[in-house]
Amino acid sequence: MKIKLLIKKYAILLVLIGLIITFSIISPVFFSFENLINILVQQSYVIIAAIGLSFVMISGGMDLSVGYQLSLVSVITSICMVWYNISIPIAIIIGITTGIILGLFNGIATVFLKVHSLIITLGTMTIFQGISYIISKSNPIFGLKPEFKFIGQGYLFNIPFCIIIMLVCAVVASFILNKTYFGRYVYALGGNEEAARLAGVNIDKMKLIIFSICGFFVSIAAIVLVARAGSATSATGVGTEFTCMTAAVLGGISFKGGSGKIWGVMTGVLILGILSNGMQIIGLGTYPQYIAKGLVLLLAVGFDTYQKSGKKSKMIRKNNTEKVLAQ
């Protein structure tokens, strides 16, 4: 019984290991130190953005604007450095502040309009898109300083610096979610919002903070992405929200909220990254990768629904049994 529970709990890790073994057998090039590090570097900004989105999804919300938050923060940070010659630390602070403001804006709109965040962020996504194109005048921004590029391309103790940033973000997020009262409230909010409200949790304030945290992590992801690419455009990061959402669901975060762990999200991103990398190595193009990612999302959603319905049925049976015994 314990083995069955362990397999169920760590199924996502088994899938990751299975993919690594499969691609390693098909192509010896895949299982090389350089390629595995390359996958981690490529996925570092996705993992950081997915960590931010996880806070929103665990609380029962959704943020579809993550891609254009990445775009807007990338453009503003780059313009500060290249067009206005602002120092790197100040430009980074401006970029992070922008991300927090964008997240806060999503939170305020969700709270005051009393509409699900899925619809709200569908609207704000186009707003952020328009602002990004207007500010950048639809032009790419080149000429970032080497000191800034170090964030995405440099090494510290022979470890890519972006991987170190990713690990720090993961540790901080895990600590907040698992070791603080705030983290428990996030899970409570996603589990049952009305019950959390009756228990004394300030629902509106929590949503504002959660969306702001999402914006914070997305802005970190944007800075890592721009530093790695060495340039920024209004298309930078667009579409990342679907990868993050797929990875989050794949990693165990339910669309209905209330469950999920950061390590699961990281594993989900790595599965998608290994899938893309492995398919490229064996010669499959971009379009088959789209199909594979779509199928993975459908399977993850189906598995999530199956698990939820199974738990619900079990709870109903338990309640019925208790009623019968009470009679």
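Helices are DSSP runs of H or I with at least four residues, numbered from the N terminus. In this predicted model, threonine 243 lies in helix α12. Apart from neighbours within four places in sequence, threonine 243 is in contact with Val46 and Leu272. Between threonine 243 and phenylalanine 175 there are 68 residues in sequence, and their C-alpha atoms are 24 Å apart in space.

Threonine 243 also belongs to the lining of the second largest pocket, where Tyr45, Thr243, Ser276, Gln289 and Lys293 lie nearest the centre. The lining is made up of 19 residues in total. Two or more of these residues come from each of the elements α3 (33–58), α12 (240–250), α13 (262–281) and α14 (286–326). The element that gives the most is α13, with five residues. By residue class, the lining of this pocket has 12 polar residues, five nonpolar residues and two charged residues. The volume of the second largest pocket is about 460 Å³.

Aromatic rings were considered next. A pair of aromatic rings is described by two quantities, the distance of the centres and the angle of the planes. Five aromatic pairs are found when the whole structure is searched. In one of them, the ring centres of phenylalanine 55 and phenylalanine 217 are 6.0 Å apart and the planes meet at 15°; the pair is therefore stacked, since planes under 30 degrees apart count as stacked. This pair links distant parts of the chain, with phenylalanine 55 in helix α3 and phenylalanine 217 in helix α11 (residues 203–229), 162 residues apart.

Phenylalanine 217 also forms an aromatic pair with phenylalanine 216. Here the centres are 5.4 Å apart and the planes are at 75°, an edge-to-face arrangement. Phenylalanine 216, with a relative accessible area of 32%, is partly exposed. A ring is also involved in a contact of another kind: arginine 184 lies over the face of tyrosine 181, at 5.0 Å from the ring centre.

Two further residues were examined for their surroundings. Threonine 236 is located in the loop between α11 and α12. With a relative accessibility of 12%, threonine 236 counts as buried. If residues up to four places away in sequence are not counted, threonine 236 touches Gly67, Leu70, Ser71, Ser74 and Leu225. Serine 78, in turn, is part of helix α4 (residues 66–82). The relative accessibility of serine 78 is 0%, so this residue counts as buried.

Notes: Residues are numbered from 1 along each chain as its sequence is written. This is a predicted model: local features need pLDDT of at least 70, side-chain atom pairs count only at pLDDT 80 or more; totals for chains, interfaces and linings use all residues. Side-chain values use heavy atoms; hydrogens and water are left out. On a 1 Å grid over the protein atoms alone, a cavity is a set of points where a 1.4 Å probe fits but cannot get out, and a pocket is an open set with protein on both sides within 12 Å along at least five of seven lines; lining residues have an atom within 4 Å of a point. Grid points are joined across faces, edges and corners, and a volume is the space filled by probe spheres set on the points. Ala, Val, Leu, Ile, Met, Phe, Trp, Tyr, Cys and Pro count as nonpolar, Asp, Glu, Lys and Arg as charged, and the others, Gly among them, as polar. Rings of Phe, Tyr and Trp (its six-membered ring) pair if their centres lie within 6.5 Å; planes under 30 degrees apart count as stacked, over 60 as edge-to-face and the rest as tilted. Buried means under 20% relative accessible area, exposed over 50%, partly exposed in between (1.4 Å probe, protein chains only). A charge sits over a ring if NZ of Lys or CZ of Arg is within 6 Å of the ring centre and within 35 degrees of the ring normal. Contact means heavy atoms within 4.5 Å.
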